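Let's take a walk through this structure together, one step at a time. Keep the sequence and the 3D view side by side as you read.

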Amino acid sequence: MGDIALEASPGVGGAPAGPPVRFFVTGFGTFPGVPANPTEVLVNALGEKGHAAQRLEECSVLRVSAKVVRDHVAGLKARVLSTYGASASPAPPQNGEKALVVVVHFGVDVCATSFKIESRAFNEAHFRLPDVDGFQPQHAPIDEEEVGNNEEKGRGEEEGPEAFGGKAKDLAACLRTDLPCDRVVAGLRAKGHNVVVSLDAGRYVCNYTYYWSLRALQEAREAREGCRVFSVFVHVPSFHAIGAEDQTRFVADLFDQLAEGARAVACPAAKA
């Protein structure tokens with residue numbers, strides 16, 4: 001498999017196109033029915049390449065476990081805050097620009113024939129198979145604090161009448177990424193990739209991960225003015241559907257498009 005190059009996107013005259021974007025990345029190991037997970041290969045390849053360190057803060061391959069996911073997301077929030085939070089003292093962004101952090105979670109969809117940029121996560125865990133720890137919730141809320149309390153909180157990410165009242169509707173409550181998924185997909189398609197925006201990440205560990213990530217990193221973002229934190233989940237197909245070389249190229253192009261999308265949202269005055 002080829003190198004995954006994460007070069008800084010140049011601007012005019014080779015200067016950085018806006019503030020730097022730092023990435024925290026996760027993938028998954030094997031689980032029942034998936035003896036070889038392509039995200040493990042892709043994420044490990046990122047971590048092994050020194051040139052990726054230009055904007056890659058962290059790469060982790062997680063066990064397919066709800067508990068591991070919760071612990072990792074909690075730790076990730078703490079690390080983001082310690083590096084970019086109000087109590088931290090990183091080098092100040094130049095020209096008043098925000099520090100931009102993008103958390104990218106990769107998961108495999110063995111039935112897919114294209115890449116999927118997941119736009120939202122639902123507050124429902126309904127595992128068709130147990131995770132690697134034997135945990136198998138059925139139509140259960142991921143975040144118990146949200147149950148029966150959505151209307152009182154009135155949070156902007158939980159949209160539409162389905163987000164309010166009753167257990168079934170609580171399970172339909174969703175959190176959405178702030179990244180411009182349509183823009184990201186358009187850029188990737190222009191590079192020749194077979195990729196779509198998805199509205200449903202399933203109800204297994206992938207959706208579970210995404211929901212906790214969006215919830216925790218929203219809190220991290222709110223804790224730090226001058227820093228913008230984004231989260232996105234990306235489903236990749238098996239290497240049988242799209243080969244390793246093409247998936248490697250997709251990952252490199254994905255990081256470029258995510259960086260541009262983050263800058264477009266955080267720094268709208270700088271958009272072309």
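**A walk through the model**

Arg63 and Asp133 form a salt bridge, with their closest N and O atoms 2.9 Å apart; a salt bridge here is a side-chain nitrogen of Lys or Arg within 4 Å of a carboxyl oxygen of Asp or Glu. The pair links distant parts of the chain, 70 residues apart: Arg63 sits in the loop between β2 and α2 (66-84), and Asp133 in the loop between β5 (120-122) and α3 (150-153). Arg63 counts as partly exposed at 44% relative accessibility, and Asp133 counts as partly exposed at 43%. For these labels, buried means under 20% relative accessible area, exposed means over 50%, and partly exposed lies in between (1.4 Å probe, protein chains only).

Before going on, a word about what you are looking at. This is a predicted model, in which local features need pLDDT of at least 70 and side-chain atom pairs count only at pLDDT 80 or more, while totals for chains, interfaces and linings use all residues. Residues are numbered from 1 along each chain as its sequence is written, and side-chain values use heavy atoms, with hydrogens and water left out.

How confident is the predictor? The pLDDT, its confidence in each residue from 0 to 100, averages 82 over the chain, and 73% of the residues score at least 70. Over residues 7-15 the pLDDT is below 50, and this stretch has 15 contacts in the model beyond near neighbours in sequence; a contact means heavy atoms within 4.5 Å. Residues 148-166 also have a pLDDT below 50, with 37 contacts beyond near neighbours in sequence.

Now for the overall layout. The chain has seven helices and eight strands; helices (H or I, at least four residues) and strands (E, at least two) are DSSP runs, numbered from the N terminus. Of its 272 residues, 51% count as buried. Among the contacts with a separation of 6 or more, 76% are between residues 24 or more positions apart.

Six of the strands form an open sheet, in the order β2-β1-β3-β8-β4-β7, with mixed pairing; two strands pair if DSSP finds at least two bridges between them. At the edges are β2 (56-62) and β7 (195-198), each pairing on one side only. From one strand to the next, the twist averages 20 degrees.

Let's follow part of that order. Strands β1 and β2 pair in the parallel sense over six bridges, and Phe23 has Leu56 as its bridge partner in β2. Strand β1 (residues 21-28) also runs parallel to β3, and six bridges join them. Here Arg22 has Val101 in β3 as its bridge partner. On to strand β8 (residues 227-236), which pairs with β3 in the parallel sense over ten bridges; there, Val103 stands opposite Ser231.

Which strands does helix α7 lie across? Helix α7 (residues 244-266) lies across β1, β3, β4, β7 and β8, running at about 145 degrees to β3. Helix α5 (residues 181-190) lies across β4 (115-118) and β7, at about 170 degrees to β7. Axes are lines fitted to C-alpha atoms, for helices over the stretch in contact, and angles run from 0 to 180 degrees between N-to-C directions.

Finally, back to salt bridges, of which the count comes to ten. One of them joins Arg55 and Asp256, whose closest N and O atoms are 2.6 Å apart. Because Arg55 lies in the loop between α1 (38-48) and β2 and Asp256 lies in helix α7, this pair ties together parts that are 201 residues apart in sequence. Arg55 counts as buried at 5% relative accessibility, whereas Asp256 counts as partly exposed at 23%.

Helix α7 also holds both Asp253 and Arg249, four residues apart, about one turn of the helix. Their side chains meet in a salt bridge (4.0 Å, N to O). Elsewhere, salt bridges that share partners join Glu124, Asp200 and Arg203 into one network.

Key: pLDDT is the predictor's confidence in each residue, from 0 to 100.
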